[in-house]
Amino acid sequence: MINASIMTFNILNILPILVLAGFGMIVLVTDVLSSRKWVNRNILAYISLIGIIIAAVLTRSSTGTTLFSFNESFVTDNYSLFFNFIFLLCAGLTILISHNYIKREDINYGEYYALILFSTIGMMLMASGADLLNIYIGLEVMSISIYILTGFKRSKLISNEASLKYFLLGAFATGFLLYGISLTYGTTGAINLKQIASFIAEKGGMSDPLMVIGMGLLIVGLGFKVASVPFHAWVPDVYEGAPTPVTAFMSVGPKAAGFAAFLRIFLTAFGSSHLEWQKIIYILAILTMTLGNVSALSQTNIKRMLAYSSIAHAGYLLIALVSANDMGVSATLFYVLAYIFMNIGAFAIIIVLSRKGDECIQINDYAGLGFKHPLLAIAMTLFMLSMAGVPPMAGFVGKFYIFSAAIKSGYIGLAIIAVINSVISVYYYLRITVIMYMKEPAREFVPLTISPLMVAAIVISVVGTLQLGIFPSKVMEIAQRSILMMR
Amino acid sequence: MINYLPILILFIIAVGFAVTNIGLSAILGPRRPTREKLTPYECGIEPVGTARERFSVKFYLIAMLFVVFDIEVIFLYPWAVVFKSLKLFGFIEMLTFIGIMLVCYFYIWKRGGLEWD
């Protein structure tokens with residue numbers, strides 16, 4: 001017999017998600033009504049932004065508590081709330097940078113905003129999932145929306161190709177994840193993370209080889225979503241083919257959500273047998289960082305370069321997972337937040353400089369930008385320095401926390417490899433700056449039209465990058481508080 | 001692992017049964033093909049052309065829409081069975097569900113998903 005009062009209480013826990021879902025549907029309905037005189041398609045972006053802000057306020061209001069709902073399959077704690085905040089920020093910034101872009105590219109459909117909202121719902125579900133099935137459902141909601149968004153430029157072949165590639169490989173990876181879930185369920189008899197943890201603790205470790213295989217398959221499925229080597233092959237092509245704001249969105253959102261699930265599954269469910277998976281993730285982290293950074297060196301297309309750079313960043317984040325301590329978790333939270341600001345900021349600049357039919361994505365297209373548009377060039381330099389990990393930017397502090405987490409757990413060799421990688425990455429990030437300031441313009445820069453929304457996005461990104469870099473302690477404090485409730 | 005032995009045995013029996021039967025009928029079965037026998041079976045109607053041609057994407061669209069709304073009806077059945085014990089709560093819950101489906105329906109309708117041309 002279901003107790004109605006308990007159920008309504010549960011609904012309050014998922015209120016931010018419900019609000020986003022509601023606004024997603026409002027956007028869809030408003031869009032189909034927009035042939036009428038009294039509705040304008042331009043307001044869709046604002047409607048979505050209002051939804052995101054309401055969801056963020058609701059998320060903020062429930063901090064400090066740990067509540068389980070829906071038969072303990074959904075958890076609201078500081079960890080999930082911090083991640084929810086990250087996802088909402090990511091979605092909000094994406095909408096700010098897309099508004100003009102999708103109008104210019106003739107893809108101004110309401111579905112665009114609705115899909116971004118729906119995909120954010122999926123990410124929030126993933127971060128709050130307390131059992132494997134809920135995490136899986138969140139992952140699917142997120143992924144399917146992004147498959148569609150990738151192919152949103154329907155008339156462009158490259159966009160279709162990217163979408164199909166992402167869909168096929170993504171479906172395959174989801175299959176691995178599901179096999180992992182079913183093997184874990186088969187061996188432990190539970191899908192709830194806490195129950196899996198207590199089962200493993202009872203048995204005194206992973207005695208059953210099938211359980212280890214299940215865990216390995218979970219690593220494959222989640223590794224695909226966070227774009228870690230060797231499950232990274234889709235990244236460059238998909239990032240290049242997708243509409244630029246969508247690339248910005250999917251280089252941060254799904255990665256953050258993937259890590260949210262990764263950390264929660266592996267630190268709670270498999271936390272007691274961390275020696276089993278740390279070795280695997282250790283190797284993955286080294287491969288991911290190194291391959292990402294080395295491949296990025298030779299790219300001439302800035303979207304592909306940022307794709308490889310996002311692989312490299314996934315590698316840094318995997319280090320935090322390997323260290324498997326509280327500091328690693330809070331470092332991940334901090335780093336993901338910093339990465340949102342710098343990465344979406346960089347993509348915002350790319351969008352500003354592009355025109356219809358001319359994406360302006362060759363790195364040499366940026367020659368002379370420093371003289372023509374000094375403010376944009378300064379912003380781009382900031383983002384690049386931050387990604388390279390130069391103080392006093394957010395990226396530096398994030399890397400510092402991650403590397404110290406690794407050292408704290410005794411992975412000094414890993415930290416050294418990460419630092420070397422970080423040095424390699426300076427080359428290709430700074431190359432853009434050098435080209436902007438030290439080369440003659442290879443092309444005409446047309447007078448730019450920057451919408452107020454775009455200005456807002458760039459300003460937020462710059463402020464975020466600088467603030468997290470110069471005054472990191474406050475956010476770090478919040479991040480540290482976000483891990484206490486986890487176990 | 002030993003618990004899975006029956007599954008393995010069942011698996012072997014299932015595969016063996018299928019292979020044996022198909023193999024035996026391929027070896028022993030008489031073959032007297034005629035033109036009528038070799039034409040594809042289309043529910044008794046004479047085939048009008050090859051099946052290897054491009055279909056309009058609208059068929060798939062309609063099929064998908066059908067599946068979505070079909071599933072909605074399937075959800076209504078278990079709800080109807082336990083309707084009395086769920087009381088008002090279940091009713092509101094189902095109204096929300098149907099409301100969401102109505103929004104979807106409205107969206108599809110207005111977007112032209114139900115029009116053939």
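Helices (H or I, at least four residues) and strands (E, at least two) are taken here as DSSP runs, numbered from the N terminus. Residues are numbered from 1 along each chain as its sequence is written, while chains are lettered from A and ligands numbered from 1 in the order in which they are written. The model is a predicted one, in which local features need pLDDT of at least 70 and side-chain atom pairs count only at pLDDT 80 or more, whereas totals for chains, interfaces and linings use all residues.

The secondary structure of chain A comes to 20 helices and 2 strands. The predictor's confidence in each residue is given as pLDDT, on a scale from 0 to 100, and its average over chain A is 89, with 95% of the residues scoring at least 70. Within chain A, the highest confidence is found in helix 6 (residues 132–150), at a mean of 95, and the lowest in helix 1 (residues 4–13), at 63. Over residues 1–5 of chain A, pLDDT stays under 50, and the model has 5 contacts beyond four places in sequence for this stretch; a contact is counted when the C-beta atoms of two residues, placed from the backbone, lie within 7 Å. Where pLDDT is low, the predicted coordinates should not be read in detail.

Chain A has a radius of gyration of 22 Å, which agrees with the value near 23 Å that a compact globule of 487 residues would have; the radius is taken over C-alpha atoms, and the globule rule is 2.2 Å times the number of residues to the power 0.38. Along its principal axes, the C-alpha trace of chain A spans about 70 × 60 × 40 Å. Among contacts in chain A between residues at least 6 apart in sequence, 80% join residues at least 24 apart. Buried residues make up 57% of the 487 residues in chain A, where a residue is called buried if 20 or more other C-beta atoms lie within 10 Å of its own, exposed if 12 or fewer, and partly exposed in between, with C-beta atoms placed from the backbone.

The loop between helix 9 (209–225) and helix 10 (235–241) of chain A contains A:Val229, and A:Pro230 is found in this loop as well. These two residues, A:Val229 and A:Pro230, are joined by a cis peptide bond with omega of about 5°. A:Val229 is buried, because 24 other C-beta atoms lie within 10 Å, and, when residues up to four places away in sequence are left out, A:Val229 touches A:Leu284, A:Leu287, A:Thr288, A:Leu291 and A:Ile311. The loop between helix 9 and helix 10 of chain A also holds A:Ala227, whose phi is near 60°, a positive value in a residue other than glycine. A:Ala227 is likewise buried, since 29 other C-beta atoms lie within 10 Å.

A cis peptide bond is also present from A:Pro391 to A:Pro392, with omega near 5°, and A:Pro392 lies in the loop between helix 16 (374–388) and helix 17 (394–408) of chain A. In chain B, B:Lys87 has a positive phi of about 60° although it is not a glycine, and this residue is found in helix 4 (residues 83–111) of chain B. B:Lys87 is exposed, because 12 other C-beta atoms lie within 10 Å.
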